[in-house]
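Reader: Hi! Could you walk me through this protein in plain words?
Author: Happy to, here it is.

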Amino acid sequence: MAFITYSGHHKYLVMPFGLMNAPAVFQQYINEVLREALDSYMFVYLDKILIYSQMVDEHVTHVRQVLQLLLKNHLFVKLEKSTFYAQTISFMGFVVSHNVLCMDPAKVRAVEN
């Protein structure tokens, strides 16, 4: 999205999700960017990417491939928002770990309260 004013041409660096259909368009774009890894060793929902692997060396390769795909398409990851080599992680309201998927207790408490 860009616009032109008397002072010049302007474009967003980050997509404003308040726009109609912006999340759906971004999801379609990120699916296309990460198509070769999608559902093979990675899940993605908007700006949340979950990379999973059986072995550590395999995981390094997977992370590198995903980061290269993002970089190739001028998309970037904020290091402070990233978690690497986690055995258990909260993702989309679930706690995901080896062979276990359960509801995130924090989300359950929020609904109970």
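Author: What follows is a short chat about the fold, the core, the surface and the charged pairs.

Reader: Great. What kind of model is it, and how are residues numbered?
Author: This is a predicted model, in which local features need pLDDT of at least 70, side-chain atom pairs count only at pLDDT 80 or more, and totals for chains, interfaces and linings use all residues. Residues are numbered from 1 along each chain as its sequence is written, and side-chain values use heavy atoms, with hydrogens and water left out.

Reader: How many helices and strands does the protein have?
Author: There are 3 helices and 7 strands. Helices (H or I, at least four residues) and strands (E, at least two) are DSSP runs, numbered from the N terminus. The order along the sequence is β-β-α-β-β-α-β-β-β-α.

Reader: And what is its radius of gyration?
Author: The protein has 17 Å, whereas a compact globule of 113 residues would have a value near 13 Å. That radius is taken over C-alpha atoms, and the globule rule is 2.2 Å times the number of residues to the power 0.38. Along the principal axes, the C-alpha trace spans about 55 × 40 × 25 Å.

Reader: What share of the residues is buried?
Author: Of the 113 residues, 21% count as buried. Buried means under 20% relative accessible area, exposed over 50%, and partly exposed in between (1.4 Å probe, protein chains only).

Reader: Which residues have the most contacts inside the largest nonpolar core?
Author: That core has 15 residues, and those with the most contacts inside it are Ile-30, Leu-34, Tyr-41, Met-42, Ile-51, Val-66 and Leu-70. Helix H1 (22–33), strand S3 (42–45) and helix H2 (56–72) each give two or more residues to this core, and H2 gives the most, with 4 residues. A nonpolar core here is a set of buried Ala, Val, Leu, Ile, Met, Phe, Trp, Tyr and Cys residues joined through side-chain atoms within 4.5 Å.

Reader: What is Leu-34 in contact with?
Author: Leaving aside neighbours within four places in sequence, Leu-34 is in contact with Met-42, Val-44, Ile-49, Val-66, Leu-69 and Leu-70. Contact means heavy atoms within 4.5 Å.

Reader: Now His-62: buried or exposed?
Author: His-62, found in helix H2, counts as buried because its relative accessibility is 11%. Beyond its neighbours within four places in sequence, His-62 is in contact with Tyr-41, Ile-51, Tyr-52 and Ser-53.

Reader: Switching to the loops, where is Phe-76?
Author: Phe-76 lies in the loop between H2 and S5. At 65% relative accessibility, Phe-76 counts as exposed.

Reader: Last topic: how many salt bridges does the structure hold?
Author: It holds 2 salt bridges, where a salt bridge is a side-chain nitrogen of Lys or Arg within 4 Å of a carboxyl oxygen of Asp or Glu. Glu-32 pairs with Arg-35, with the closest N and O atoms 2.7 Å apart. Lys-48 pairs with Asp-47, and there the closest N and O atoms are 3.5 Å apart.

Reader: How accessible is Asp-47?
Author: Asp-47 counts as exposed, at 58% relative accessibility, while Lys-48 counts as partly exposed at 40%.
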